[in-house]
Amino acid sequence: MQVFIAEPCGFCYGVKRAVEMARGECGKEGNPATLGPLIHNPQLIDELAQKGVGCKDSLDDFANGDTVIFRSHGVGPEIYEKAEAKDLKICDATCPHVRAAQLKAKKLADEGYFVIIIGEKNHPEVKSISAWAGKHAIIVEYNKDIAGIPVADKYGVIIQTTFELARFEELLAAIKEARPGEYKVEKTICNATSERQNAAAELAAKVDAFIVIGGKNSANTRHLYDIVARRCKIAYHIETAAELKPEMFSGCTKIGITAGASTPDRLIKEALFVMENMENMDFGSMLEESWENNDIYPGKIVKATVIQKDKDEVYVDFGYMKEGAIAYSEWAAGDPEEVAKTINVGDEVEAKVIPGTSKDDFVRLSKIRAEQDAAWKNVPELAEGEKRPATVKVLRVIKNRQKNIVGLAVAVEGVEGFMPASHVELRRVEDFTPYIGQELEAEIIEVDTAKKRLVVSRRDLLRAEREAKAQAWREAKAARIAAAKEAREAAEEEAYNSVEEGQVVPGKVLRIADFGLFVEVGKGLVGLVHNTELSWDRSVKAKDFEPETEVTVLVKKIDREAKRVALSIKATQEDPWVTEANALPEGAIVKGIVTRFLPFGAIVKVTDRVEGLVHVSEIADTRVEKPEDVLEAGQEVVVKVIKKDMEHKKIGLSIAKAAKEKEKAEYSAYLNSNPELTQDLSEQLDTLK
């Protein structure tokens, strides 16, 4: 048995620094104690306690003047304030990487970013970062937490320093998809954490079994275990070497070891010692003596003949001093009773020797595994970056030792493959049971025939399918918009062609606005009747009309480029001014009222709507400097219409000529009433001839 250690493993810089600082307080005055466990390793906490550095859960447990050691996970700003207020001596063992994450979170919040912390909600490090980010920050541990993120213009993202990088990238992509906006991502994952995870992942792909050493409450240790468990079928998470048993490694020749960042070197060395001496324990020597010396060993393919069967298994002869036994579950998939019906004494079969012990009465064999080995010979490798489409059938749900679902076992190309849980759907799936027995379209993304490892994924296919649907929807929408636009433009063209400027047409009020009426004319053409074009009566407003009212309008102007049509109701009505002005022929003598004065004359109102100008020269026979010298506003005067300009709506009046007309009329009347005076005047005129 060979044992390999992933490098690096064990204490990281931050933990090592915190432990050294805590040990430095041992034996000092001030009743030194950590606020919460210094690191997530029970053995080290016990060691510190024995040396005088205790562990307290609250600052309330410290007396004034005591020494408080802030653990590597850090604390929030209010804890610093409370400790100072209590006059405690602070020994700050916060990991520098955690401290950097705290300060970056605070800076993001100060700059107006909504802070998102990706990490484990109940982890003390995450809680400390959240405290520095302010009360509005949110922690995202699972996909379901994304729904709680409020809509904001810009987001700042901080990551738990020990969080798994692949999981972080998956969550970040889902967050960006659900909450579009400006993002500033501070990748605060510790380099030491990434290095440990990468080293463990690489080694896990090369060994038969893997041991992860560290506290069960350590987040980085759990992440290490999750990573190696996905790459190595036999994986264990232990706290001490006392948990190691020989049967855990039956049939394994290469063992990998790593340890969390909070695991002391002593525990790693103890595990190494146990594993190195386990090589000489009975189970290994028995396998070697009873199998290898007779050329029978786990993994060997043998040809056998069925000699007997019972309710549990099939017994075969394969030329060895012991007979072989194949459980029905190792013969074929399906109900054992149905499988048994397909087997007859004398049938020949190829089977694979599987791990057992020399104390067994039979050598354990598997027909299924032999068939899988044969099938693996026909599975082609993948070139770098290549993917291969495949139809897979889901066999079962795979869980790790913590009963967490890690993925699905699938039948593909004659062998059993693995589909990670995050590659089944684009969304998080809580219950994978309905997938069992289903055939799914997927892609083979990894093939390792030497380790009989085949990984499949639906993620890129689903993304492509989603994008294809989205593209089809966008194209259909664009086509609908284009068709609607084309139809609208054709309708508009037809509508514009249905009327001409200067044409009087019927219309229907569609909409009423503060500034006028929108009226439909022609075939769907809508124009505006401005308030000034509603009526000659300026008191008439748009609100006086009702929708659907039929009106007659004049098409004043059509602007196709600006898509505007100016209409007028007023233009279809007779101008009251013109009517009243027509009733005032030139030469007419009428009464009027002086309404106002101009420098060159007076304005006189002669009807309700008609006013005229009495030029200063037409006020009297004598020279008048200013009209107000002889006239008063409101004064009634008699005027003669001396000029009419209907086009410009101007009327000239004369008070002087009206007065002369009056005198002439009076004189004529006088002569008519005294005819003898008319005769005398005639005779006098004749004499003058």
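Student: I'm starting with one residue pair. Which residue in E4 stands opposite Ala33?

Tutor: Ala33 faces Val68 in E4. Before we go on: this is a predicted model, where local features need pLDDT of at least 70, side-chain atom pairs count only at pLDDT 80 or more, and totals for chains, interfaces and linings use all residues. Residues are numbered from 1 along each chain as its sequence is written, and side-chain values use heavy atoms, with hydrogens and water left out.

Student: How do I read a label like E4, and in which sense do E2 and E4 pair?

Tutor: Helices (H or I, at least four residues) and strands (E, at least two) are DSSP runs, numbered from the N terminus. Two strands pair if DSSP finds at least two bridges between them. Here strand E2 (residues 33–35) and strand E4 (residues 67–70) have three bridges, in the parallel sense.

Student: In what order do the four strands of that open sheet run?

Tutor: Follow E3-E2-E4-E5, with parallel pairing. Strands E3 (54–56) and E5 (89–92) sit at the edges, each pairing on one side only. On average, neighbouring strands of this sheet are turned by 35° against each other, direction ignored; the axes are lines fitted to C-alpha atoms, for helices over the stretch in contact, and angles run from 0 to 180 degrees between N-to-C directions.

Student: Which strands does helix H3 lie across?

Tutor: H3 (residues 77–85) lies across E2, E4 and E5, and runs at about 145° to E5.

Student: Now H7. Is that helix mostly covered or mostly open?

Tutor: Mostly covered: 10 of the 14 residues in H7 are buried. Buried means under 20% relative accessible area, exposed over 50%, and partly exposed in between (1.4 Å probe, protein chains only). Among the buried ones are Arg196, Gln197 and Leu203. Their cover includes strand E1 (2–5), helix H6 (165–178) and helix H8 (219–229), contact meaning heavy atoms within 4.5 Å.

Student: How far apart are the end C-alpha atoms of H7?

Tutor: They are 20 Å apart, which agrees with the 20 Å that the 14 residues of H7 (residues 191–204) should span at 1.5 Å a residue. The expected span is 1.5 Å times one less than the number of residues.

Student: What about Thr391: which residues does it touch?

Tutor: Leaving out residues up to four places away in sequence, Thr391 touches Ala411, Glu439, Leu440 and Glu441. The side chains of Thr391 and Glu441 make a polar contact of 2.9 Å; that is a pair of N or O atoms within 3.5 Å, where within protein one must be able to donate a hydrogen and the other to accept it, and residues adjacent in sequence count only if both atoms are side-chain atoms. Thr391 belongs to strand E18 (residues 388–399) and counts as partly exposed because its relative accessibility is 43%.

Student: And salt bridges: how many does a search of the whole structure find?

Tutor: Side chains of opposite charge can pair when their charged atoms come close. A salt bridge is a side-chain nitrogen of Lys or Arg within 4 Å of a carboxyl oxygen of Asp or Glu, and the search finds 40.

Student: How far apart are the closest N and O atoms of Glu313 and Arg364?

Tutor: Those atoms are 2.8 Å apart. The pair ties strand E14 (residues 313–317) to strand E17 (residues 363–366), 51 residues apart. Glu313 counts as buried at 12% relative accessibility, while Arg364 is partly exposed at 24%.

Student: Where do Glu330 and Arg369 sit?

Tutor: Glu330 is in helix H11 (residues 328–331) and Arg369 in helix H13 (residues 367–376). Their side chains form a salt bridge of 3.1 Å, N to O.
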